[in-house]
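What follows is a short walk through one structure, moving from its charged pairs to its packing. Keep the coordinates open while reading.

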Amino acid sequence: MRAAHRTATVPLAVLTAVWLAVTAYVHADLAPGYDALKQSGTLSQGELFRAQAGVASAAALLVLVAALTSARWMPLAWLVASVSGLGSFAAVLLYRYDDVGKVLFLPDMYEPVWFREKTVSAIADAAAFVVGLIGLLVALRGRRRPTATAA
């Protein structure tokens, strides 16, 4: 990885990892309070929150390792981080504003209120998505530019 490209990548990776760590913490912290909401034939919201915490943690680790090791798979790491943030952000908005009901193995998660942890999670999810997307664009742009060779 070129020095200039790495200079942009590492701070973006750290920022993305921080936002993903925030959402992972909030989801893990809230999970026990949602375990009792298990419906027949579905996962509990607590189980889903723990899964999201795991995905966000793994995405944070992946983007950091990729950035620090100059890995060729950096675009994939950015994509995983962005999708993690976007998926969680979309879910919190969907279940805040629409009563979707039970869908397959997913419980009815309609919760028409905002509270501090939910707001923090939504902000962190949106920020992880945006910063991850910027990182992906930087990584893809860096791949297209040919490296200069010494004459």
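**Salt bridges, helices and cores**

The structure holds three salt bridges. The model is predicted. In one of the bridges, the side chains of Arg-50 and Asp-35 meet at 2.8 Å, N to O. This pair joins distant parts of the chain, with Arg-50 in helix α2 and Asp-35 in the loop between α1 and α2, 15 residues apart. Arg-50 counts as partly exposed because its relative accessibility is 40%, and Asp-35, at 31%, is partly exposed as well.

Another bridge links Lys-118 to Glu-111, with the closest N and O atoms 3.4 Å apart. Lys-118 is at 6% relative accessibility and therefore counts as buried. The bridge between Arg-116 and Glu-117 has its closest N and O atoms 3.5 Å apart. Here Arg-116 is exposed, with a relative accessible area of 61%, while Glu-117, at 23%, is partly exposed.

Just after α2, Ser-70 takes a positive phi of about 55 degrees.

Where does Ala-53 make its contacts beyond its sequence neighbours? Ala-53 lies in α2 and is buried because its relative accessible area is 8%, under the 20% limit. Leaving out residues up to four places away in sequence, Ala-53 touches Ala-24, His-27 and Ala-28. The C-alpha atoms of Ala-53 and Ala-28 are separated by 5.7 Å, although the two residues are 25 apart along the chain.

His-27 belongs to helix α1 and is buried, with a relative accessible area of 9%. Apart from neighbours within four places in sequence, His-27 is in contact with Phe-49, Gln-52, Ala-53, Ser-88, Ser-121 and Asp-125.

The largest nonpolar core has 21 residues, and those with the most contacts inside it are Ala-13, Leu-20, Val-63, Ala-66, Met-74, Ala-77 and Trp-78. Helices α1 (3-34), α2 (45-68), α3 (74-97) and α4 (116-144) each supply at least two of its residues. The largest share, seven residues, comes from α2. Ala-13 is in contact with Val-63, Leu-64, Ala-67 and Trp-78, neighbours within four places in sequence aside. A second, separate core of five residues includes Leu-30, Ala-31, Tyr-34 and Phe-49.

Notes. Residues numbered from 1 in each chain as written. Predicted model: local features only at pLDDT ≥ 70, side-chain atom pairs only at ≥ 80, totals over all residues. Heavy atoms only, no water. Core = buried A, V, L, I, M, F, W, Y, C linked by side-chain atoms within 4.5 Å. Buried < 20%, exposed > 50% of the residue type's maximum accessible area, 1.4 Å probe, protein only. Helix = DSSP H or I, 4+ residues; strand = E, 2+ residues; numbered from the N terminus. Contact = heavy atoms within 4.5 Å. Salt bridge = Lys/Arg side-chain N within 4 Å of Asp/Glu carboxyl O.
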